[in-house]
Amino acid sequence: MTTVHTEPSTERIPGRAWTVRIVGHGRNSASVTCSTAACRMPARSDDLAALRAFAARHAAAHAKAATVRPNAWCHCGSQRCGAHPDTKTHCAGAVLLILRHDPVMRRVWSVEEVCETCAPLIPNATVLARAERPRRTPDRPTAQNPAPVLPSVAGGFSSPAAPGAAEPAPVRRSRRGSQRSRPRR
């Protein structure tokens with residue numbers, strides 16, 4: 001199961017999804033399938049509890065091996081938000097890795113890369129990981145000029161300028177005050 005993404009890219013790529021499913025065969029047997037063809041699954045069995053435990057562990061292994069890609073599109077959005085059809089929204093926010101498992105049906109586990117907006121709208125979803133924010137690179141410096149530090153006194157007011165400090169800014173007068181002193185015509 002190859003799921004680790006190592007090269008950083010700024011190009012948007014489709015969100016990934018892995019689905020592990022228990023498929024029944026008649027009354028007494030079932031098998032486990034995975035959406036990743038390379039995964040090896042156990043043989044058909046009549047021990048449903050063992051198959052459920054295997055399916056849960058297999059979905060968890062996909063989630064553990066996956067690195068959430070910050071440049072991925074929302075998988076839910078690529079499916080026209082079919083996981084939450086009653087709530088329409090626009091995909092936005094950070095990319096999350098979720099696990100969907102309906103405790104009532106108990107047959108399907110899905111691990112998906114979805115957006116921060118869709119994740120809380122998807123029923124039976126648990127957030128497993130969040131994409132790391134891209135680190136700032138030297139070619140995009142963020143020069144921020146700090147505000148000048150003035151000595152302060154209690155109450156948050158500035159103290160008078162110390163000797164050798166820059167001249168304080170002139171005091172501004174309100175335009176209202178000057179407008180009132182004009183005679184009316």
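The second largest pocket has a volume of about 180 Å³. Here a pocket is an open set of points, on a 1 Å grid over the protein atoms alone, with protein on both sides within 12 Å along at least five of seven lines, where a 1.4 Å probe fits; the volume is the space filled by probe spheres set on the points, which are joined across faces, edges and corners. Strands S3 and S4 are the elements that give two or more residues to the lining of this pocket. Its lining residues, defined by an atom within 4 Å of a point, are Ala83, Arg100, His101, Asp102, Met105, Arg106, Arg107, Val108, Ser110, Ile122, Pro123 and Asn124.

The model is predicted: local features need pLDDT of at least 70, side-chain atom pairs count only at pLDDT 80 or more, and totals for chains, interfaces and linings use all residues. Residues are numbered from 1 along each chain as its sequence is written, and side-chain values use heavy atoms, with hydrogens and water left out.

The chain contains 3 helices and 5 strands, in the order β-β-α-α-β-β-β-α from the N terminus. These elements are DSSP runs numbered from the N terminus, with helices (H or I) of at least four residues and strands (E) of at least two. Of the 185 residues, 24% count as buried (under 20% relative accessible area; exposed is over 50% and partly exposed in between, with a 1.4 Å probe and protein chains only). The chain exposes about 14200 Å², of which carbon and sulfur atoms supply 53%; accessible areas come from the Shrake-Rupley method with a 1.4 Å probe. Among contacts (heavy atoms within 4.5 Å) with a separation of 6 or more, 58% are between residues 24 or more positions apart.

Confidence is given as pLDDT, the predictor's score for each residue from 0 to 100. The chain averages 79, and 66% of the residues score at least 70. Among the elements, S4 has the highest mean pLDDT (96) and helix H3, residues 175–180, the lowest (53). Over residues 147–162 pLDDT stays under 50, and the model has 7 contacts beyond four places in sequence for this stretch. Where pLDDT is low, the predicted coordinates should not be read in detail.

Strand S4 includes Glu113. With a relative accessible area of 0%, Glu113 is buried. The Glu113 side chain forms a polar contact of 2.7 Å with the side chain of Arg69 and reaches the backbone nitrogen of Arg16 at 2.9 Å. A polar contact is a pair of N or O atoms within 3.5 Å; within protein, one must be able to donate a hydrogen and the other to accept it, and residues adjacent in sequence count only if both atoms are side-chain atoms.

Cys81, in the loop between helix H2 (75–78) and strand S3 (95–101), has a positive phi of about 55 degrees although it is not a glycine. Cys81 counts as buried because its relative accessibility is 11%. Asn124, also a lining residue of the second largest pocket, is likewise not a glycine and has a positive phi of about 60 degrees. Asn124 lies in the loop between strand S4 (108–115) and strand S5 (125–130) and is partly exposed, at a relative accessible area of 38%.

The loop between H2 and S3 also holds Gly93, which is exposed at 55% relative accessibility. The C-alpha atom of Gly93 is separated by 4.9 Å from that of Glu116, 23 residues apart along the chain.
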